[in-house]
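Please have the sequence and the model open while I talk.

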Amino acid sequence: MTGTENTVGKVWLVGAGCGRGLLTQEGRRVLSRAQTVLYDALVAPETLLEASPEAELLPVGKRSGRHSVAQEAINALLIRKAREGKRVVRLKGGDSFVFGRGGEEALALQKAGIPWQVVPGISSAIGVPEHFGIPVTHRGLARSFTVVTGHTRDGVEEDWQVLAHLQGTLVFLMGLERVETICRRLIQAGKKADTPASVLCGGYGEGEKRIDGTLEELPEKARQQGAFPPAVILVGTVAGLGLCPEAPGKKEKILVTGTLSFCREVARELAEGGRETGELPLLAVEPLWGNIPEDFGQWDWLVFTSRNGVRLFFQWFREKKRDFRLLGQARFACIGEGTARELAEQGFQADLLPECYTAEALGKSLAEKMGPGERCLLLRAENGSPDLVRELEKAGQPYRDAAVYRICPREGQPEKGTCLAPDVMIFGSAGGVRVFFQQYTLASETRVLCIGPVTARAAREAGCLEVETARVHSAAGIRAALEQPGGES
């Protein structure tokens with residue numbers, strides 16, 4: 001490796017495995033420390049939850065026939081991010097060096113003097129067949145296996161004579177479009193037409209499908225039974241063993257929308273209960289550093305209504321290299337447990353938490369707690385709930401409302417009108433509801449679950465007829481609502 005550690009970052013080429021839960025422990029550790037992540041389309045969305053909420057996530061995914069970013073551009077981006085001093089993870093489905101072009105990226109990094117390292121992953125070449133009950137090697141049937149790319153861009157043909165006469169298992173990756181050609185060329189080269197063969201579609205996905213037949217039958221069966229990519233084509237006696245692992249049960253489809261940090265918080269919470277959650281982060285957080293006052297000695301209370309507010313305030317504090325003693329004897333009020341937990345991660349404990357996690361309850365509790373002459377500084381989102389300041393004004397308590405950030409729609413949203421049909425749709429804010437319904441429609445049978453009453457009101461205004469509200473307005477409350485149905489409606 002070359003490069004200067006104090007001026008140049010480092011790149012890890014991490015194989016995410018070929019399905020949910022197959023990221024290695026080392027891959028998880030490296031991913032959790034990354035500052036920038038370049039990830040492929042075949043990476044399971046749940047895997048991205050292992051990255052830090054502050055990490056920059058850059059999709060550079062490729063699928064057959066739909067390349068979003070050229071390989072040369074990916075190489076250049078890896079080099080640029082590393083030269084910014086970042087810890088960079090190049091996250092790929094399966095393994096980086098098994099038809100993942102990881103070798104090309106490593107060569108480019110090495111030529112540029114960027115330190116790099118590889119974290120191996122479980123390749124679909126073995127992981128997907130095993131998942132469907134097909135061992136690529138088996139005593140007495142297959143003493144070896146050969147992995148072949150199903151498509152090439154340079155026009156170079158495989159040596160079909162050699163492949164047809166191998167005694168082991170043949171595994172073709174990314175070859176569904178050429179399944180007819182593959183089977184025909186193998187037969188022409190001498191492979192027996194009745195050799196068992198399988199197409200394994202969408203391994204580890206909800207709609208996964210196994211299509212079995214002989215080498216001669218497979219192309220027609222693939223057409224009739226609706227084969228789809230990503231698919232593994234397997235040819236060999238092991239495909240006819242008849243091993244049938246227990247099929248996973250049908251899983252509830254849960255989708256959460258809001259800011260990226262909220263989506264991840266909910267997904268992590270639900271993952272602890274064994275639920276898998278799809279993320280649809282439609283909102284971005286834009287810091288408003290200029291609104292933060294520096295006269296901290298004038299404020300007896302610092303009030304936070306979200307984890308974003310806490311995180312951004314202390315990020316500003318550190319970047320400005322301010323002395324924490326400037327906070328003096330200020331006490332901290334938080335709207336709920338999640339916000340208090342974020343505050344604790346910054347090294348401070350909340351002095352006030354309302355019994356009910358709403359802006360109105362926070363305002364009432366704070367007004368009662370504040371002593372004569374005390375003042376509070378509200379560090380929250382632009383256009384935050386008026387319920388908080390209304391309660392303070394009713395009690396005659398002095399405050400300043402400082403917008404630490406604003407929530408705005410993320411760029412690159414899909415065309416309007418797309419209909420989504422998850423079993424459960426989770427909303428974390430009224431703004432998130434409005435932005436969602438500007439882009440999407442929701443199936444009538446979808447269960448709508450909102451974090452609080454303000455969000456639920458926005459959902460009803462958007463046309464949702466049946467809306468539930470978590471009793472406790474937090475990610476933990478959302479989990480409780482799913483595990484024990486019967487939240488507020």
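This is a predicted model: local features need pLDDT of at least 70, side-chain atom pairs count only at pLDDT 80 or more; totals for chains, interfaces and linings use all residues.

Let me begin with Asn383, which lies in the loop between strand S17 (376-381) and helix H12 (386-394); helices here are DSSP runs of H or I with at least four residues, strands are runs of E with at least two, and both are numbered from the N terminus. Residues are numbered from 1 along each chain as its sequence is written, and side-chain values use heavy atoms, with hydrogens and water left out.

Asn383 has a positive phi of about 60° although it is not a glycine, and with a relative accessibility of 74% it counts as exposed. For the accessibility classes, buried means under 20% relative accessible area, exposed means over 50%, and partly exposed is what falls in between, using a 1.4 Å probe and protein chains only. Met174, in the loop between strand S9 (169-173) and helix H6 (179-188), also has a positive phi of about 60° without being a glycine, but its relative accessibility is 38%, so Met174 counts as partly exposed. As background, most residues other than glycine have a negative phi, and most peptide bonds are trans.

Now to some buried positions. Ser198 lies in strand S10 (residues 196-201) and, at 0% relative accessibility, counts as buried. Which side chain does Ser198 meet in a polar contact? The partner is Asp212, at 2.5 Å, where a polar contact is a pair of N or O atoms within 3.5 Å, one of which, within protein, must be able to donate a hydrogen and the other to accept it, and where residues adjacent in sequence count only if both atoms are side-chain atoms. Not counting residues up to four places away in sequence, Ser198 also touches, among others, Ile134, Leu218, Val232 and Ala239, a contact being heavy atoms within 4.5 Å.

Ala470, in the loop between strand S23 (467-469) and helix H15 (475-483), is likewise buried at 0% relative accessibility. Its C-alpha atom is separated by 6.4 Å from that of Cys450, 20 residues apart along the chain, and its contacts beyond four places in sequence include Leu449, Cys450 and Ala481.

Helix H1 (residues 25-33) has Gly27, Val30 and Leu31 as its buried residues. These cover an arc of only 100° around the axis, which puts them on the same side of H1; the arc is that of the directions from the helix axis to the C-beta atoms. What covers them includes strands S1 (10-15), S2 (36-39), S6 (87-92) and S7 (116-119).

Stepping back, the chain has 15 helices and 23 strands, and 49% of its 489 residues count as buried. Among contacts between residues at least 6 apart in sequence, 64% join residues at least 24 apart. Along its principal axes, the C-alpha trace spans about 95 × 55 × 40 Å.
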